[in-house]
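Welcome, and please have the viewer open as you read. Let us take a short walk through this fold together.

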Amino acid sequence: MKPRLWILAVSGFCLTASAEGFAAEPARTRAEAEARGHRAIEAGSSEVAPAFVLRGGTVLTAAGSRLAPGYVIVRDGRIAEVGAGEPVAVEGATILDVSGRFVTPGLIDAHSHLGVYPAPSFEAHSDGNEATAPVTSGVWAEHGFWPQDPGIEWAVAGGVTSMLVLPGSANLIGGRGITVHLVPGRGPRAMRLPGSPDVLKMACGENPKRVYGEKKAAPSTRMGNLRGQREAFLAAHKFREQWQRQEKSPRGAKRGAEHATPADRDLGLETLAEVLDGKILVEWHCYRADDMLAAIQLADEMGFSIRAFHHALEAYKIRDILAERGIGIATWADWWGFKAEAFDGVEQSAALLLDAGVTAAIKSDSPIDIQRLNQEAGKALAAARGNNLELSENDALRLITANPAWILGVDDQVGTIEVGKRADLVVWDRYPFSVYASAQWVFIDGHLRYDRALRGEPWSDFMLGQEIRP
Amino acid sequence: MNAVILIASILLAIEPAAAECVALVGGRLVLPRENATIGTVVLQDGVIAAVGRDAAVPAGCSQVDVTDRVVTAGLIDAGADLGLVEIDLEASTRDGSAGGADPIRATFRAADGYNPRSVLIPVARSGGVTSAIISPSGGTVSGQSAWVDLTGATQAEAIRRAPVAVAVTLGRPAGDALRRLRELLDDARLFQTERVAWEKGQSRTFPWNRTDLEALAPVIARQIPLVVAVDRACDIEALLRLAAEQSVRVVLRGGAEAHLVASQLAQAKVPVILDPLAYGPGSFDQIHARPNNAARLRAAGVTIALSTFSAHNARKLRQVAGNAVREGLSWENGMDAVTLAPAEIFGMESHGALAPGRVGNVVVWSGDPFETSTLVERIWIHGRSIPLRSRQTELFERYRTLPGTLRPALPLPAARR
């Protein structure tokens, strides 16, 4: 039996499809190639979400409203209704009294490495940086994502319901990231937030030049960084033009579009071509203001747009430019100083950015801080008020909900409490920006995934057996 | 002879004269291990002269109205690396580790590298931190820790006592560090009795530097503790055995799984310095890390102090304490763990409380010090008011409005006045 399986595996290319979803022929179009690359073979959860009503609590919608008291009606995993006061009777729905509690959208972390750098840290499961070449556009974070990372459950306990998992910043172009919906899963493709776009992780500044400079390889300077990124996108342009030529050629037109695709696919250049086509969002690790200006110049030169800069501790210095160009920022509340390009961080950063009209988010980039994004937003709120900057409670909440949702390209699905959106909700035991606040319940697609009063079995297989002792 | 040298080194710090007198009137005073009260704090000659509801304000003493404000002793970070690093990734700014291949570095003194002009220090003060125990890192025996107050432009003003501890890291395998420590402590003890013979070449040789053996004398004399970085519960048990055999004082640093052996720690009177934010399974040594570590240790009778174990993030000490309280530690014990407890662990009873005779390190807060929404409003160190400016406030002010962020051209000389 075993040899037969091996034969099947190596010769599967020329077998015909035996069941729906199993394709024997190679992809003949870019769109088909993309779709196949993302297809989950493992099924997601088939549990049916219960209908329920949260009533009596203060609802902070992150869409401009504070409903005190307010209610949220959840049906089929979606927000069916949200309003002030008391809901009218809802047939078949469980009423959950959350008087004295606060309801917010599920928190969204715009920058995480959970799954690719798990907690606890394993050498064997450290899959976040393909630091063997400075441009690795063809690698995908989801191919390194360990769904059993115990840190995922801790993040949910902190009220996080979605996160962007990115490759690390060793590389100029580190590869694709994936938006993970924090539900238990056997593989990352089934954990992807459905419909979320791929993103491309890029990095400027110290990290790539340090990683490769120490190997006496390029890049070893910021000059080398920019050259490496410009050359990568020049190559992508050539690739894309070649593809377009073939599609338009008489031979290509005659055979139809599906035969127009070149047989010699290139995973890296396909990814960059998708960036040039605006289908993949660019998430760019960058700290210094002048590095960000250089990145914007490069994007202009090469003809793509930047969705957001990450970390971006000097973003406040160029917030007028960022606002004008619609570039988002994913930053910290108060981390700073660990390296030279992080030396100019200020606590008022988020408030200054929002004030200028920049879509700003507070993210963790940490298995520890992902557990307390609400406190980080609370600190941003305090820093604003302490310096007479305008920052509303709604804006502070958007730092960790709606704004990261936009940065991930999923703001049509999550990030606010609005009718039709996914029922990703957190019930907090008190004002969520308080240091003393804890998530009491966390719902994802209407399923109760965390209850502070009933922890249940650990999500991660790794944590099983750890508590057993005579 | 040794004892004389030891005492001289411990009394290194000299209280600077501060003649001013100031009375903070009408605040909510957080008092050590008793109920808060509305009252007055009088700072005179660098120390707290009087505290309480009926504290008398001396004639000529200036008054500051702190009504509706919370007044506490300055916070103490029991494991920050302030003054030892400016930028972590810039080796030219690092003074925290002796480096080199030798894992035994007992002579290395954090105090020698302490830079009181570090721009990190005003940032830490903006979080109400007025003192820190600074510790070397690296190797097995990293060196000697010092107590600094976050004021002054000179080491003489800032360093209050050195050494206050010898820093140790167990690492993995723990048994290797422990066997080395046993041998080292045995030899340090033997060296004291054999010193004269050793000088004459009449004793056996020691596989350690003479100065390392000397530096461990106050540890053997139980004058200062070993502060040992350790997380895993079974490593803690092994360490407790070593402490008992060697009759040395130990303090745990980190202690992620300390709650699993809380009763042993309480019985051995071993304190724990921990960061309650660092829960969750960060490493294989922390599989059983739990958010309520601080609360469980305190409930078992273990003395705890809290730390950020950081330099740049030392201002987050109050958030660290708030999270311990969120996870079940009482508010009073949370405050204790960032004021009086670290003072007592390191034998600095001159610090850590709003009490007459204690050093004049006082913070005025807009509300509950642990709460995210609370701001530090005023700070006094050694009885002197310290402005809350920092490099960060200056950056903020420069970029408060855009454009106009670039320094403008200077006026022509003729136009200057």
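What follows looks at a sheet and then at a helix with its surroundings. Please keep in mind that the model is predicted.

Let us begin with the sheet. In chain A, four strands form an open sheet in the order 5-4-1-6, and their pairing is mixed. Strand 5 (78-84) and strand 6 (94-97) of chain A are the edge strands; each has a single partner strand, so one side of each lacks a neighbour in the sheet. On average, neighbouring strands here are turned by 15° against each other, direction ignored. For strand 5 of chain A, the pairing with strand 4 (residues 70-75) of chain A is antiparallel and runs over six bridges. Within this pairing, Ile73(A) has Glu81(A) in strand 5 of chain A as its bridge partner.

Now turn to helix 8 (residues 267-276) of chain A, which is mostly covered, with seven of its ten residues buried. Among them are Leu269(A), Leu272(A) and Val275(A), as well as Glu270(A) and Glu274(A). The buried residues of this helix pack against helix 2 (30-38), strand 10 (173-181), strand 11 (199-203), helix 6 (222-248) and strand 12 (281-286) of chain A. Just past the end of helix 8 of chain A, Gly278(A) adopts a positive phi of about 80°.

One of these neighbours deserves a look of its own. Helix 6 of chain A packs against helix 8 of chain A at an angle of about 85°, and their axes lie 9 Å apart. The two helices are therefore roughly perpendicular. On the helix 6 side, the residues in contact include Phe233(A), Phe239(A) and Arg240(A), while helix 8 of chain A contributes Leu269(A), Leu272(A), Ala273(A) and Leu276(A). By class, this contact holds nine nonpolar residues, one charged residue and no polar ones.

Methods
Residues are numbered from 1 along each chain as its sequence is written. Chains are lettered from A and ligands numbered from 1 in the order in which they are written. This is a predicted model: local features need pLDDT of at least 70, side-chain atom pairs count only at pLDDT 80 or more; totals for chains, interfaces and linings use all residues. Two strands pair if DSSP finds at least two bridges between them. Axes are lines fitted to C-alpha atoms, for helices over the stretch in contact, and angles run from 0 to 180 degrees between N-to-C directions. A residue is buried if 20 or more other C-beta atoms lie within 10 Å of its own, exposed if 12 or fewer, and partly exposed in between; C-beta atoms are placed from the backbone. Two residues are in contact if their C-beta atoms, placed from the backbone, lie within 7 Å. Angles under 35 degrees count as roughly parallel, over 145 as roughly antiparallel, 65 to 115 as roughly perpendicular and the rest as oblique. Ala, Val, Leu, Ile, Met, Phe, Trp, Tyr, Cys and Pro count as nonpolar, Asp, Glu, Lys and Arg as charged, and the others, Gly among them, as polar.
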